[in-house]
Amino acid sequence: MPDLLALVVQQSVNGVYLGCLYVMVALGLTLIYGVLNQINFAHADFVTVGAFTAFFVATRFATRMLGLPDTGGYLLSLIAALGAGAVLGILVNAAVFAPLRRQGADELRPLIATIGVSVLLENGQLALFGPIPYQFDSPFARETIRLGPIFFSAQSVLVVAVSVASITALYVFMRFTFLGKALRAVAQDRETAGLMGINPNLVIALTIVIASALAGMGGALLGPVVVLTPFTGASLIVKAFAIVIIGGFGNMQGTIIAGLMVGVIEAFTVQYLGSGLIDLVVFALLLTMLVVRPTGLIAERKEENV
Amino acid sequence: MTGRHAAIAVAILAIAAAPWILATPYWRGILVLCAMNVLLALSLNLVMGYTGQLNLGQSAFFAIGAYVSTILIKSHGWNFWLAGLVAVLAAGVLGLALAAFAARLRGHYLAIASLGFAVITYQVLLNWEDVTQGVRGIYGILPPVPGTTGLFYLVAGIAAAVYLLLDNLVRSPVGDTLRAIREDEVSAASLGINRAAWKAFAFGLGAAIAGLAGIFYPGFVGTLVPDAFGIVESFTMMAMVIVGGMGTMIGPVIGAIVLTFLPEVLRGFGELRLLIYGLALTLVVLFMPGGIVQAWTALRARMRR
């Protein structure tokens, strides 16, 4: 294979793998927006909490206390991070979203409140874990797989497999189960869904929990491949927002396409422009998108915000 | 009007006395910081409180004021005041650029676009090393006047002047226009209000005031690094506005003072400044959406009964 082609394939592979991580994070944001018309600004900090939970479960609890092998420990930590995310989802719904909905607050108050939660979570973790990056070794990140001139780690295969499985599970849930149908009904029209005997509060809580659990598990997948500090999620949130807007707020297919797109763009930016310019490129794309096509790649429904 | 004159007199006395009550160099430094925070909170309040536009990009204008003035002084040998004037204008022009987005976007979309604006500004400061020195930073920056007390009087005096200017502005028909846009953009437009032009006015003026705070920051700290202008700075300004009372004139001033001094008073929590900001922001939004001003009004009403 010629060098240039190999390079393009290699960077595309890296991009898809990064993109899968982004989709795991952005999907939760878009899910909450679709059902609730709200932004959880602390969403990406749930990713950080998930990553730290996974780190401590994998390196302390599972391997040392339970005596599991490395791989088993890491897989267990994925579940733990999922659980941590779900718990955070329950908390943020009970403390912020549900009370503000009862008060009939305008759309921006929950956003501002969750900005506070985000700052709180980041600096709380900073106080607990300190600013020095953690070295989170996944046993899968050590294994390198070689296909001709293309290299990738077993971790990236795991990331893609887990993301695809989660997205499929989410799709099946939304499409074929009663609760999934209820969720879509509430997203379409909360009042009418309530009249049909669906408890919107329950469905909204469920949505936030699913979204947050995805973010937590995303953290466990992300932890070993990034620099793990209390601000890991914060550096991600801007990209997650960009993806959600590029894909069309509240639109799941759009978010998946945009997530993969941003991953690939990032991989090529690193290759040709340098890693310092990633956020610049992604955000220039976001602002262009907002000017040219504010409804995103796939416009789902009439938008009141633009 | 006597109440207003009395309030002005009290404010002037408080500013004059502050560096002599808090007479150590450390506390005088905090006072300078406080005066800068008041300016920043006032600037954001014009956009967020009076015009109703959730702007998460205010840190960008603070940064432009700081960097443009410092670069003109250090690299081109300009005089502080001339450089400061150009920096304030530059921040204002950039505010107009953000307003171009605000003319088309509302609510969540504007919040994220303005966040993107702050991120891009931060990244440019970080990566455009030929001009900004990137992470290495710019060192040895002198304040415009010698001595912390002098700097405090200067910044506090400017903050007081800006307060009076904005106070008159929001009580004029211009203030009514901005509030009309905040309450209902469509109705405002139906009354013949040019939404885009007035939003541009609020964003431009707000950005210029944030830039004005920015020109004093480098001289106060002595160094200039991009990390001083991360997006979290936008959130701290927002916390000041909301904790004090968004959409009132005195609220953001109180918020800036309280949130500057609270972490200092709670010694030992000094490192946890942002933790306190985050907690205060969430709690106030949940339980006291009108901030300290609202709580005070409610308390007074109860006392009268």
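Let's start with contact: two residues are in contact if their C-beta atoms, placed from the backbone, lie within 7 Å. This is a predicted model, where local features need pLDDT of at least 70 and side-chain atom pairs count only at pLDDT 80 or more, while totals for chains, interfaces and linings use all residues. Residues are numbered from 1 along each chain as its sequence is written, and chains are lettered from A, with ligands numbered from 1, in the order in which they are written.

**Exercise 1. Describe the side of chain A that touches chain B.**

Step 1: count the residues. Chain A brings 32 residues that are in contact with 33 residues of chain B.

Step 2: find the helices (DSSP runs of H or I, at least four residues, numbered from the N terminus). Helix 3 (70-102), helix 4 (108-129), helix 10 (232-247) and helix 12 (278-292) of chain A each give at least two residues to this side. Helix 4 of chain A has the largest share, 13 residues.

Step 3: sort by class. Ala, Val, Leu, Ile, Met, Phe, Trp, Tyr, Cys and Pro count as nonpolar, Asp, Glu, Lys and Arg as charged, and the others, Gly among them, as polar. On that basis, this side of chain A has 24 nonpolar, five polar and three charged residues.

**Exercise 2. Which residues of helix 7 of chain A are buried, and which are exposed on the other side?**

Step 1: get the cut-offs. A residue is buried if 20 or more other C-beta atoms lie within 10 Å of its own, exposed if 12 or fewer, and partly exposed in between.

Step 2: pick out the buried ones. In helix 7 (residues 178-188) of chain A, they are Leu183(A), Val186(A) and Ala187(A). Looking down the helix axis, these buried residues fall within an arc of 105° (taken from the directions from the axis to the C-beta atoms), so they line one face of helix 7 of chain A.

Step 3: turn to the other side. There, Phe178(A) and Gln188(A) are exposed.

Step 4: ask what does the covering. Helix 1 (3-36), helix 6 (154-176), helix 8 (190-195) and helix 9 (200-222) of chain A are among the elements over the buried residues of helix 7 of chain A.

**Exercise 3. How do helix 4 and helix 10 of chain B cross?**

Step 1: take the axes, which are lines fitted to C-alpha atoms over the stretch in contact, with angles running from 0 to 180 degrees between N-to-C directions. For helix 4 (residues 80-102) and helix 10 (residues 195-221) of chain B, the axes come within 7 Å and cross at roughly 145°.

Step 2: A crossing is left-handed if the near helix is turned anticlockwise from the far one by less than a right angle, and right-handed if clockwise; here the crossing is right-handed.

Step 3: look at who meets whom. Gly84(B), Ala87(B) and Val88(B) are among the residues of helix 4 of chain B in this contact, with Phe203(B) and Gly204(B) among those of helix 10 of chain B. The contact residues divide into 16 nonpolar, seven polar and one charged.

**Exercise 4. Where do Asn37(A) and Gln133(B) lie, and how exposed are they?**

Step 1: take Asn37(A). This residue sits in the loop between helix 1 and helix 2 (43-65) of chain A. With 17 other C-beta atoms within 10 Å, Asn37(A) is partly exposed.

Step 2: take Gln133(B). The loop between helix 6 (129-132) and helix 7 (148-171) of chain B holds Gln133(B), and its phi is near 70°. Gln133(B) counts as partly exposed, with 19 C-beta neighbours inside 10 Å.
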